[in-house]
Amino acid sequence: MAFAFIWLLIWRNNRAGASVDGFKALPKQISFNFHVKPILSDKCFACHGPDAVKREAGLRFDIETSAKGELPESPGKFAILSGNTDESELVKRVFSSDPDLQMPPADSNLKLTEEEKEILKKWIEQGATFEKHWAFVAPKKGEFPEVKKTDWPQNEIDYFILNKIEERGLKPSDVAAAEKLLRRICLDITGLPPSTDDIQKFISSEGSLDREKAIDHYLSLPGYGEKMTRDWLDVARYADSHGYQDDSYRTMWPWRDWVIHAFNENIPYDKFLTYQIAGDLLPDANKATILATGFNRNHPITQEGGVIDEEYRSTYVSDRTNTLGKGILGITLECAKCHDHKYDPFTQEDYYGFYAFFNQVNEKGLQMDAVQAKNQKYYADAPYITISEEDVKGILSFINKPDTGTIKLMVMNDSASRETFVLERGAYDLPTDKVAAVAPKDILEFSAEYPQNRLGLAQWLTDKRNPLTARVYVNRLWANIFGQGIVKTIEDFGSQGSLPTHPELLDWLAVDFVENGWDIKYIMKKILSSATYAQSSRLTHELKEKDPENILLARGPRFRLSAEEVRDYALATSGLLNAEVGGPSVKPYQPPGLWEETNAGGNRGILTNYVQDSGEKLYRRSLYTFWKRTLPPPSMTLFDAPNRDLCEVRRQKTNTPLQSLAMQNDEQILECARVLSTEISSKAHGEEAIPEVFQRILLRKPASDELEVLSGYYDEYLEKFRINPEAAAKILNAGLYPATISDSAESAAMMMVSQVLYNLDETISKE
């Protein structure tokens, strides 16, 4: 009897939510979206989901009417009876030990944990409430969660983060060292390291950092707009060439100048989107707002003879539609091009309703003019605008135009007046039902108050009731700062995407963003001012065991810099960086022959051969490097930059030997090491120069053991170069920047030290 009584107590505690059998306490209120749906998706949808071919027993758990309806093959029985666990077949089957009854079946290799079983049971007990997908419900600001360490939060963000940390029995990390935190702030805002003067300006003699002053300073710099633009270029699939096989030249860099200007002027995100989606349709449209619509013309365009014009024109419209879905709404809209979306509530009609907004442009599918434009400096396909000297002196003064020529740039218009049809299987030549320009009601009803054109679409996107636009953007900002988003799949907020790790925080940030006028600098400062952001990135044994991916954010972020930032970091710390803002793309160092090897169009285009620039153009920020779609800058490709054929919002982060080889052999990196070393060697001789080289690159003083290793390395190479001065002269020949060498052996040895420092993980990582 005693044993039975103890067992009954355990069973009751289990049902009440206590931690039993190795699983944590169940939530007081079970959420379909956050607790139940992930279980059904992982363990049940394979047989009882949206795939009609694999569906068993006519039962679907992804649709409430089916999940709660009478079982087609078992009349009188129900998989789910709200509030009735005894008569719910789902509960019977998941708890059954009979191999003929239990679900998932043994041969499926799927198995529910005891915790998952109890969650399903408790959910049915509580009424088995189905919910609209969380991302399609408008966000709301909830109450701040309670925390124990009340002196830790520095702003609202920290309450949400600390609550999760404390739930796992952890505590936040200490504040990062002042130099490291300043470096982190500067990289996140400008994409560049701070100068040694900045360290003196913002870090006191006692070693404390004036973080607010530093954040405000960097947000005011032109580099902020350049850093933010780099991220947006991937979304906008920006390139300096058309793409496809012939891959001819196009002039789109003035649009890039507009984006830099928009970020630096802190144009609110709702207007930033509106100008790019429909700047030509505004009542007060001007050349600046029309220029912004180049966003929708950044897609590849073919120049290959023999293609079907309408087929490719349809492809361009689909590209604009897919970019809207992935880049702005964070949904896999393209999945509904050929059939109804399998997992999200988007039909083909929904897809082509979006498609209709972009289907009115008076454009061609095939543009042969670009191939023949060998000597034309500024080329664009119709429709386009012309940018004159008068424009650059007036309304387009933000454009860095280097000469007096007239620029043509592709933009949007709605002069074609086409009808739009659902295309069977997405085929351009199989139109079926006619559709109007409309957005999916499952996101937000496209009411009559919106114009039925791209301006109406922009108003729908930026309506404060739209559940996705603000959420998706603040999540992307968060990912850029912390390495991954609150929703890890920043490109997919649909049912197959990741659940938010901190849903209440994401909603709070989204609402706060909108309430504060869609102010991007405001939300950036909010994140950077948090105690969460300021933590040391040191990985302790406890954090490695309990939170190896830093999902709880009990430590600061640490991850590799972007491809552009790796190169820019070397340019900045060596003193070579050309700080000029905007203007045409440039061609820095690149291994010879690559364009020729990949050229498929013969000698027909102006991009057949790579003609390297010279002088100050070699040292422009990587944002301005010429982007040819069929062969993007190879040094950036090695560091995971995309080719920009399509909209991309999340770059992969890899770690390969090729990256280390690039840091050891890339001509630009070697040139930076040479210039830095010769400059410092002219002021301090021999090993005395090592601490200053170290400080310039890593922005901190070397530890004694680091200094010892580097000194030994320097001495070794100094001896080699004195024995073999030809080798010293050869290595000091890297790059075209004029050399000023007094002692070639000493400078070459110091250059080897600099090269090693540039190749350190600490140098090319943000931490």
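A salt bridge is a side-chain nitrogen of Lys or Arg within 4 Å of a carboxyl oxygen of Asp or Glu. In this predicted model, the side chains of R567 and D568 meet in such a bridge, at 3.9 Å from N to O. Both R567 and D568 are buried.

**Salt bridges**

The structure holds 52 salt bridges in total. Side chains of opposite charge can pair when their charged atoms come close.

| Pair | Closest N to O distance |
|---|---|
| R93 and E89 | 3.7 Å |
| R650 and E491 | 2.8 Å |

An α-helix has 3.6 residues a turn, so residues three or four places apart point the same way. R93 is partly exposed, with a relative accessible area of 26%, whereas E89, at 11% relative accessibility, counts as buried.

The salt bridge of R650 with E491 has another setting. R650 lies in the loop between α25 (634-638) and α26 (657-665), and E491 in the loop between α19 (469-482) and α20 (503-515), so this pair ties together parts that are 159 residues apart in sequence. R650 counts as partly exposed at 32% relative accessibility. E491 has a value of 18% and counts as buried, because the limit for that class is under 20%.

Salt bridges also join into a network, which links K227, R230, D231, D234, E564, R644 and R651.

**Nonpolar cores and aromatic residues**

The largest nonpolar core has 191 residues, and those touching the most other members are W232, W255, W258, L291, W460, W478 and I520. Apart from this core lies another, of 24 residues, which includes I30, F45, A79 and I80. Beyond its neighbours within four places in sequence, W258 is in contact with F272, Y275, Q276, A288, L291, A292 and F398. W258 is also part of one aromatic cluster, whose other members are W232, Y238, W255, F263, Y269, F272, Y275, F295, Y473, F513 and W518.

Across the whole structure, a search finds 39 aromatic pairs. One of them is formed by F354 and F357, which are tilted, with 6.5 Å from centre to centre and 50° between the planes. Both residues lie in helix α16, 3 residues apart, about one turn of the helix, and both are buried.

**Helix α16**

Helix α16 (residues 348-357) is mostly covered, since 9 of its 10 residues are buried. Besides F354 and F357, the buried residues are Q348, D350, Y351, Y352, G353, Y355 and A356. Among the elements that cover them are the helices α15 (309-329) and α18 (454-461) and the strands β3 (420-423) and β4 (431-435).

Two residues place a charge over an aromatic ring. R184 lies over the face of Y533, at 5.6 Å from the ring centre. The charged end of K720 sits over the ring of Y717, 4.9 Å from its centre.

S388 lies in the loop between β1 (384-387) and α17 (389-393). With a relative accessible area of 25%, S388 is partly exposed. Its C-alpha atom is separated by 7.5 Å from that of G405, although S388 and G405 are 17 residues apart along the chain.

Key:
Residues are numbered from 1 along each chain as its sequence is written. This is a predicted model: local features need pLDDT of at least 70, side-chain atom pairs count only at pLDDT 80 or more; totals for chains, interfaces and linings use all residues. Side-chain values use heavy atoms; hydrogens and water are left out. Helices (H or I, at least four residues) and strands (E, at least two) are DSSP runs, numbered from the N terminus. Buried means under 20% relative accessible area, exposed over 50%, partly exposed in between (1.4 Å probe, protein chains only). A nonpolar core is a set of buried Ala, Val, Leu, Ile, Met, Phe, Trp, Tyr and Cys residues joined through side-chain atoms within 4.5 Å. Contact means heavy atoms within 4.5 Å. Rings of Phe, Tyr and Trp (its six-membered ring) pair if their centres lie within 6.5 Å; planes under 30 degrees apart count as stacked, over 60 as edge-to-face and the rest as tilted. A charge sits over a ring if NZ of Lys or CZ of Arg is within 6 Å of the ring centre and within 35 degrees of the ring normal.
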